[in-house]
Amino acid sequence: MTKPLQPWWKTATGYQIYPRSFCDSNGDGIGDLQGIIAKLDHLADLGIGFIWLSPVYASPMRDNGYDISDYRQIAPEFGTLEDFDALVAQAREKGIRIVMDLVVNHCSSDHDWFLKACQSRDCPEHEFFYWRDQRPDTNGPPDDQRACFGGSAWTWVESVGRYYYGHFGSQQPELNWHNPALRREVFNMMNWWLDKGIGGFRIDVIELIGKDLDNRIYAEGPDMHRFIAEMHAACFDGRDIMTVGETWSATPQTALLYCGKARKEVDMVFNFNHIEAAWDSDKGRFGTNLFDLCTHKRILADWQEALADDGWNSLYLSNHDLPRPVSHYGCDGPFRARSAKMLAMTMHLMKGTPFVYQGEEIGMTNANFTRLEQFRDIETLGQLEEQAALGVPQQAFIDGANTNGRDNARTPVQWDDTVHAGFTTGQPWIDVNTNYVDVNVANDRADKDGVFAFYQSLIALRDALDIITDGSFALLEADHPSVFAYERTLERQRLIVVGNFTNKETKLETLGPIIKDAKVVLSNLDWEGSPCERGINLAPYQAVAWLYDA
Ligand code: TEU
Ligand code: CA
């Protein structure tokens with residue numbers, strides 16, 4: 001049977017770049033587009049097929065670019081539109097597409113649209129935002145909704161005598177998607193970027209664009225799918241691009257409403273069920289890490305099953321908002337490299353498109369800041385005020401931020417053991433992780449058994465084995481507390497993948513007989529001896545993939 005011609009984004013592996021922290025080319029301590037161009041060979045060597053580029057548009061950088069003040073300009077600290085065009089062209093020469101981060105649920109309070117909106121109730125831009133009058137009984141905001149980054153979600157503007165809504169805070173006023181004129185402006189801008197030859201979009205908090213404020217429905221509101229379908233018709237239809245929506249509220253039950261082929265909305269979603277399952281119920285991300293493997297693998301399996309025959313999964317543990325995987329799920333001590341490989345292997349060999357976050361390919365770890373002044377993230381600093389007001393001791397908050405805060409992913413990529421890890425010749429905008437002298441690209445790539453080399457093998461395996469892209473998924477050993485095991489099937493071929501998520505030796509009783517004639521196609525440790533009738537012994541954080549014909 002000839003293999004169905006899969007779209008490029010189903011066979012490729014993605015790589016997310018947070019430009020501010022990737023590579024600084026001009027010594028101002030801030031990563032930039034020319035810095036990315038300088039490192040394209042590193043990415044081509046890794047074998048990735050596209051870059052998800054976090055926002056590089058003009059922005060006051062209160063939320064590091066997720067607060068856009070001009071959608072058709074590049075932020076000067078990142079470079080120019082010519083630099084961007086050069087990045088797209090040079091990446092394409094290396095077989096790498098550029099997928100832009102699109103933030104259109106909100107813009108920056110510095111955007112011209114908003115500045116005009118605050119001058120008059122009568123200008124067309126006023127209705128690009130959500131405004132409400134003060135409550136007659138309290139003269140206060142319409143309701144008590146809190147902003148994600150602290151404070152009220154409603155901000156008073158004296159010049160027009162009204163409140164505006166900002167889900168993340170006053171610095172990011174919500175765009176009113178119920179206004180067709182706003183939607184037209186956004187779609188025109190999107191087509192302007194698509195016509196420049198980008199590979200698609202990652203769409204920031206797409207679940208929020210259909211909100212019903214008066215009934216306090218924020219995510220997955222009544223008009224969301226209608227607006228996404230309109231976006232698809234206006235911008236995506238007929239283009240050879242990839243679109244992935246960020247959806248914190250999506251579940252296996254609603255997934256196909258976003259990415260079912262016939263829906264004509266987006267190709268994939270980033271769901272966060274497996275991420276939030278480890279969060280403290282009342283403290284959210286700033287609580288303790290409650291990771292439980294059986295819960296984790298059950299959620300991943302539910303998503304595999306939900307999208308087995310339609311839609312498509314994204315596969316990730318890390319991004320610019322999340323802690324480093326080796327610190328959060330694996331080991332950032334003696335088994336750092338081995339656990340990094342195990343986490344990658346058990347994620348990448350499922351069905352879907354894997355996303356590697358910058359620095360993950362060398363097993364970078366959480367930052368472990370010790371002083372409040374080291375934190376940069378608007379959410380962390382905003383929540384610090386909220387938690388202090390609730391009486392949370394400062395050290396407890398620092399511990400929570402070090403466990404699960406967003407700055408963990410935003411310390412500069414560690415390129416080598418020179419000052420500031422080779423990220424900049426200037427003063428970095430955020431501290432470099434102190435372990436850069438050992439954990440860096442140069443050291444890791446010099447090691448034939450390094451994490452980078454393992455990611456190369458993993459990505460190459462995806463290219464070599466159709467079963468990884470096209471095979472079905474079945475969870476094995478669902479109740480085993482230490483091991484994530486699953487089986488991929490394509491016609492007679494079987495791929496068995498196992499990963500020990502603990503620092504203890506463990507045993508799998510049932511798989512030995514199944515794989516006695518199997519061939520090891522990848523392992524993060526030399527596989528001694530063959531599986532035996534009595535089961536399989538796995539060393540701490542050992543991962544193995546066997547291939548055989550049933
Ligand atoms: O994140 C959406 C988002 O909701 C997360 O910030 C999440 O709510 C929070 O971290 C939970 O603790 C997207 C971007 O990925 C993020 O970087 C932006 O800050 C945010 O939207 C606003 O654009
Ligand atoms: Ca720079």
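The legends below describe close-up views of a predicted model.

Local features need pLDDT of at least 70 and side-chain atom pairs count only at pLDDT 80 or more, whereas totals for chains, interfaces and linings use all residues. Residues are numbered from 1 along each chain as its sequence is written, chains are lettered from A and ligands numbered from 1 in the order in which they are written, and side-chain values use heavy atoms, with hydrogens and water left out.

**View 1. The calcium ion (ligand 2) and its protein donors.** Donors are N, O and S atoms within 2.8 Å of the metal (3.2 Å for Na, K and Ca); water is not among the atoms, so sites may look incomplete. Asp24 (OD), Asn26 (OD1), Asp28 (OD), Ile30 (O) and Asp32 (OD) lie 2.2 to 2.3 Å from the ion. Along the chain these donors have the spacing D-x1-N-x1-D-x1-I-x1-D. Asp28 is partly exposed, at 34% relative accessible area (buried means under 20%, exposed over 50%, partly exposed in between, with a 1.4 Å probe and protein chains only).

**View 2. Helix H16, residues 451-464.** Helices (H or I, at least four residues) and strands (E, at least two) are DSSP runs, numbered from the N terminus. At 1.5 Å a residue, the 14 residues of H16 should span 20 Å, and the end C-alpha atoms are 20 Å apart, which agrees; the expected span is 1.5 Å times one less than the number of residues. Buried residues of H16 include Val451, Phe452, Tyr455, Leu458, Ile459 and Arg462.

**View 3. Helix H12 (residues 336-348) against H16.** The two helices pack at about 15°, and their axes are 10 Å apart. Axes are lines fitted to C-alpha atoms, for helices over the stretch in contact, and angles run from 0 to 180 degrees between N-to-C directions. H12 and H16 are therefore roughly parallel (under 35 degrees).

**View 4. An open sheet of five strands.** The order is E14-E15-E16-E20-E18, with antiparallel pairing; two strands pair if DSSP finds at least two bridges between them. E14 (472-476) and E18 (519-523) stand at the edges with a single partner strand each, so one side of each has no neighbour in the sheet. On average, neighbouring strands are turned by 20° against each other, direction ignored. Five antiparallel bridges join E14 to E15 (residues 483-490), and Phe473 has Arg488 in E15 as its bridge partner.

**View 5. An open sheet of three strands.** Here the order is E6-E8-E7, and the pairing is antiparallel. E6 and E8 (residues 162-165) pair over two bridges, with Arg132 opposite Tyr163 in E8.

Terms used:
Angles under 35 degrees count as roughly parallel, over 145 as roughly antiparallel, 65 to 115 as roughly perpendicular and the rest as oblique.
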